[in-house]
Amino acid sequence: MSSGERLPGGNDGGAVRVGDTVRRVAGAWTPSVHLLLRHLESTGFDRVPRALGLDDQGRETLSYLDGEAIGHRRPWPAWAHSDEALLEVAGWLRDFHTAVASFVPPPGAVWRGGETWRPGLIIGHNDAAPYNAVWSGGRLVGFFDWDFAGPVTPEWDLAFTAFSWVPLHARHVVEAEGFTAFEDRPRRLRIFLDAYGWEGDLGAFVETVRRRVLASVDGIRRAAAAGEPAYRRLIALGADRNLATAVAELDGFPV
Ligand SMILES: Nc1ncnc2c1ncn2[C@@H]1O[C@H](COP(=O)(O)OP(=O)(O)O)[C@@H](O)[C@H]1O
Ligand SMILES: [Mg+2]
C-alpha cells in the first residue's frame, strides 16, 4: 500500500493522506482516542474524523475531513479570525461537550497526558485550535488531531479553545498569524462565551485561561526535559516562552 501524500502542517508526527483517509503515527493513547471518536459517532456527532482502526503499517486510520486547514500558512486565512469562526467553534465545542458527557472511558484507558478519568470530568479535545480545524463554505467542518484528548473539566477545554480563537495568545504571536485587532478581544471573548452558553464571572474565566496556559508551559518543559523530540522542537521554537508571555500579558485583561 502507498504510504500516502504528506499533508501540510502539524508540529508532532504530522499526517499523510491516502484516498479519503488520513494516516497518523499511533501512540499508547490511540485505542482510547478511537473509543472516544466511536462514541461521538454513536451519538450522531459527526463533526470529527471517524476512527477506522490501524493500517498494515500500524498507523491510525481516520476519515479525511474535506475543506481548508491552515497547515503552514502565515498569516492565517481570514476565516480563522472571523466572528463567524467564533460562533462556529463555540457551537461545535458545546455540541461536542454535550455528546462526550455520556462517554465513560473503560478502566485503564490511556491518555497522552497520563490523567485518569473520574465522574465529573469529560474527555476534552484539549487542542481545539485553528491549526487543528477544517473550514469549508463559511462553516467549521470539525477538528482533527485528537492526540491530546484526556480527562478535564469542560471549562478547562473551553479555556484553551477561547485562548486559541479569540485569540488571547501573546501579541507578537497573533500578529504573525495576522491578528491585530487587540482592542476587539474583550468583545470577541464575550461573543465566544455567549455562543457556548457559558455563564460565569468573566474575570474568573480569564484566570482559568491563565492557569490553563501555565499548565501548557509546564507540560512542554517537562516533556522536553524527558527527551520527547516534538517538545524539544517546541522549546527551540520558543513556544514555552511565548505562552509565558501570553500569561503575563493577560494580567489586567479588560473584562
Ligand atoms: N482527519 C483529517 N482530515 C483532514 N486533514 C487532516 C486530518 N488530520 C490531519 N490533517 C492534516 O494534516 C496536518 C497535520 O495533522 P495533525 O494531525 O495536526 O498533526 P500533528 O499531530 O503533527 O499536529 C494538518 O495540518 C491537516 O492539514
Ligand atoms: Mg496538529
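## Contacts of phenylalanine 148

Phenylalanine 148 touches Arg112, Gly113, Asn126 and Asp127, leaving aside residues up to four places away in sequence; contact means that the two C-beta atoms, placed from the backbone, lie within 7 Å. This is a predicted model, in which local features need pLDDT of at least 70 and side-chain atom pairs count only at pLDDT 80 or more, while totals for chains, interfaces and linings use all residues. Residues are numbered from 1 along each chain as its sequence is written, and chains are lettered from A and ligands numbered from 1 in the order in which they are written.

Phenylalanine 148 is in the loop between β8 (139-143) and β9 (150-152). Helices (H or I, at least four residues) and strands (E, at least two) are DSSP runs, numbered from the N terminus. Phenylalanine 148 counts as buried because it has 21 C-beta neighbours inside 10 Å. A residue is buried with 20 or more other C-beta atoms within 10 Å of its own, exposed with 12 or fewer, and partly exposed in between, with C-beta atoms placed from the backbone.

## Positive phi in two loops

Most residues other than glycine have a negative phi. Asparagine 126, in the loop between β6 (122-124) and β7 (133-136), has a positive phi of about 70 degrees. With 23 C-beta neighbours inside 10 Å, asparagine 126 is buried.

Aspartate 145 lies in the loop between β8 and β9, and its phi is near 60 degrees. Aspartate 145 has 26 C-beta neighbours inside 10 Å and so counts as buried.

## Cis peptide bonds

Arginine 74 and proline 75 are joined by a cis peptide bond, with omega about -5 degrees. Another cis bond joins valine 166 and proline 167, with omega about -10 degrees.
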